[in-house]
Amino acid sequence: MTEKTDAKSRDEWSLDREIVLCRVLDVPRELVFRAWTDKEHLPRWFGPKGFDCVTHEIDIREGGRWRFDMRGPDGTVYSNRMVFLEVKYPERLVMDHGHDQDDDPTRFRVTITFDEQTDSRSFGVVAGTVVTMRQLHPTKEQRDAGVGFGAVEIGYTTLDKLAEHLRLMQ
């Protein structure tokens with residue numbers, strides 16, 4: 001795949017290369033957005049259950065990046081890098097996520113939206129936040145390998161950790 005083709009595939013959304021996770025949280029979206037974009041909070045909760053993060057560099061802004069290691073319960077270290085492409089308060093984040101290396105061919109695009117959820121019984125009062133995480137992988141095969149590896153289950157345990165952390169932030 002050439003660099004031009006690679007960039008094009010990352011920008012064109014295709015359902016057969018996508019993983020979507022969604023969670024409703026009973027807190028205001030500004031708080032959820034802060035948990036994702038505050039350098040003091042993000043490393044505290046991010047990652048699957050049983051994993052922790054060791055940050056090497058963190059700059060959460062458009063053009064910034066977060067370089068970190070996720071350490072598993074068995075001590076295995078997984079290098080990570082997120083490059084932030086869009087930070088639109090309080091509604092949207094877009095980033096490329098992959099290994100902590102330049103030109104990682106397995107990096108994937110992540111788009112996270114934060115939508116207010118209203119309670120129809122209380123005439124439009126905000127009742128929480130719907131967090132939707134969309135991953136777009138470079139190929140269908142990479143997406144399928146991620147699903148087979150447990151990306152959906154791992155993603156939901158990460159959202160569980162976010163929910164727990166939000167309780168502490170209130």
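Let me start at Pro-90, which sits in the loop between E4 and E5; helices (H or I, at least four residues) and strands (E, at least two) are DSSP runs, numbered from the N terminus. This is a predicted model, where local features need pLDDT of at least 70, side-chain atom pairs count only at pLDDT 80 or more, and totals for chains, interfaces and linings use all residues. Residues are numbered from 1 along each chain as its sequence is written, and side-chain values use heavy atoms, with hydrogens and water left out.

Pro-90 is joined to Tyr-89 by a cis peptide bond, with omega about -15 degrees. Another loop, between E5 and E6, holds Asp-103. Phi of Asp-103 is positive, near 55 degrees, and the residue is not glycine. Most residues other than glycine have a negative phi, and most peptide bonds are trans.

Back to Tyr-89. There are 9 aromatic pairs, counted when ring centres of Phe, Tyr and Trp (its six-membered ring) lie within 6.5 Å, with planes under 30 degrees apart called stacked, over 60 edge-to-face and the rest tilted. One of them is Phe-33 with Tyr-89, edge-to-face, at 5.5 Å centre to centre and 85 degrees between the planes. Phe-33 lies in helix H2 and Tyr-89 in the loop between E4 and E5, so this pair ties together parts 56 residues apart in sequence.

Next, helix H2. H2, residues 29-37, packs with H5 at about 110 degrees, their axes 10 Å apart; axes are lines fitted to C-alpha atoms, for helices over the stretch in contact, and angles run from 0 to 180 degrees between N-to-C directions. That makes H2 roughly perpendicular to H5, a label for 65 to 115 degrees (under 35 is roughly parallel, over 145 roughly antiparallel, the rest oblique). In contact, meaning heavy atoms within 4.5 Å, are residues including Leu-31 and Trp-36 of H2 and Leu-162 of H5.

Last, the largest pocket. Which residues lie nearest its centre? They are Met-70, Asn-80, His-97, Phe-108 and Phe-149, among 30 lining residues. On a 1 Å grid over the protein atoms alone, a pocket is an open set of points where a 1.4 Å probe fits, with protein on both sides within 12 Å along at least five of seven lines, and lining residues have an atom within 4 Å of a point.
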